[in-house]
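Please find below a short note on the model under discussion.

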Amino acid sequence: MNSPTQALASLVTEKFILASPQQAAAALETLATHEVLQLLTPLKAQVIIAVLNPMSAPKAAAVLRRLPLRQASYILARLNVVQASKLMQEFSAPYRERISGVLEPAFLALLQQAQGYAPDAVGRYMQTGFVSVRTDAKVAQLVEKLKNAPSGVLVDYIA
């Protein structure tokens, strides 16, 4: 895309997002991630935040993951907490560790609380930190799964 066309696309995108973030999020979700990035990267962080808040978590996470880490952490820390929590769950374990390393510990604690269950919910008592491995799997496959798993995960062998 040439510079005048790119400038016009950025201006139109910014105006559309500011006028209706929900509609803009829905429209951008239909595009490929690289196309969304072309439209969003020249915009100010506050405009990107406005459109990522109502966007579906998988698509918003895919967009955020492709931004430079410093910019992604800045935007993530300014999203609403519920959305930021959903995005953290969408990230792969290695990326989650990378971005957690640059976020404030207090914000990470807030995200953990947002991921929690209500006091009377069954989910509060369920164990969810498992990696399933078939008993006929190669040891290298087990090691690879454990390397990518969050710490404190349990291994479940499936016959």
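**Note on helix packing and burial**

1. Helix 4 (residues 45-52) and helix 6 (residues 69-76) pack with their axes 10 Å apart and at an angle of about 60°. Axes are lines fitted to C-alpha atoms, for helices over the stretch in contact, and angles run from 0 to 180 degrees between N-to-C directions. Helix 4 is therefore oblique to helix 6 (angles under 35 degrees count as roughly parallel, over 145 as roughly antiparallel, 65 to 115 as roughly perpendicular and the rest as oblique). Helix 4 passes helix 6 in a right-handed crossing, that is, the near helix is turned clockwise from the far one by less than a right angle.

2. On helix 4, the contact (heavy atoms within 4.5 Å) is made by Ala 45, Ile 48, Ile 49 and Leu 52, and on helix 6 by Gln 71, Tyr 74 and Ile 75. By class, this contact of helix 4 with helix 6 has 6 nonpolar residues, 1 polar residue and no charged residues. Ala, Val, Leu, Ile, Met, Phe, Trp, Tyr, Cys and Pro count as nonpolar, Asp, Glu, Lys and Arg as charged, and the others, Gly among them, as polar.

3. The model is predicted: local features need pLDDT of at least 70, side-chain atom pairs count only at pLDDT 80 or more, and totals for chains, interfaces and linings use all residues. Residues are numbered from 1 along each chain as its sequence is written, and side-chain values use heavy atoms, with hydrogens and water left out.

4. Helix 5 (residues 57-65) is mostly covered, with 7 of its 9 residues buried (under 20% relative accessible area, with exposed over 50% and partly exposed in between, for a 1.4 Å probe and protein chains only). The buried residues are Ala 57, Lys 59, Ala 60, Ala 61, Ala 62, Val 63 and Leu 64. They pack against helix 2 (21-29), helix 3, helix 4, helix 6, helix 7 (81-90) and helix 8 (93-100).

5. Is Thr 33 buried or exposed? Thr 33 counts as buried because its relative accessibility is 17%. Thr 33 lies in helix 3 (residues 33-40). Leaving aside residues up to four places away in sequence, Thr 33 touches Lys 59, Ala 62, Val 63 and Arg 66; of these, Lys 59, Ala 62 and Val 63 are among the buried residues of helix 5.

6. For the protein as a whole, there are 10 helices and 2 strands. Helices (H or I, at least four residues) and strands (E, at least two) are DSSP runs, numbered from the N terminus. Of the 159 residues, 32% count as buried.
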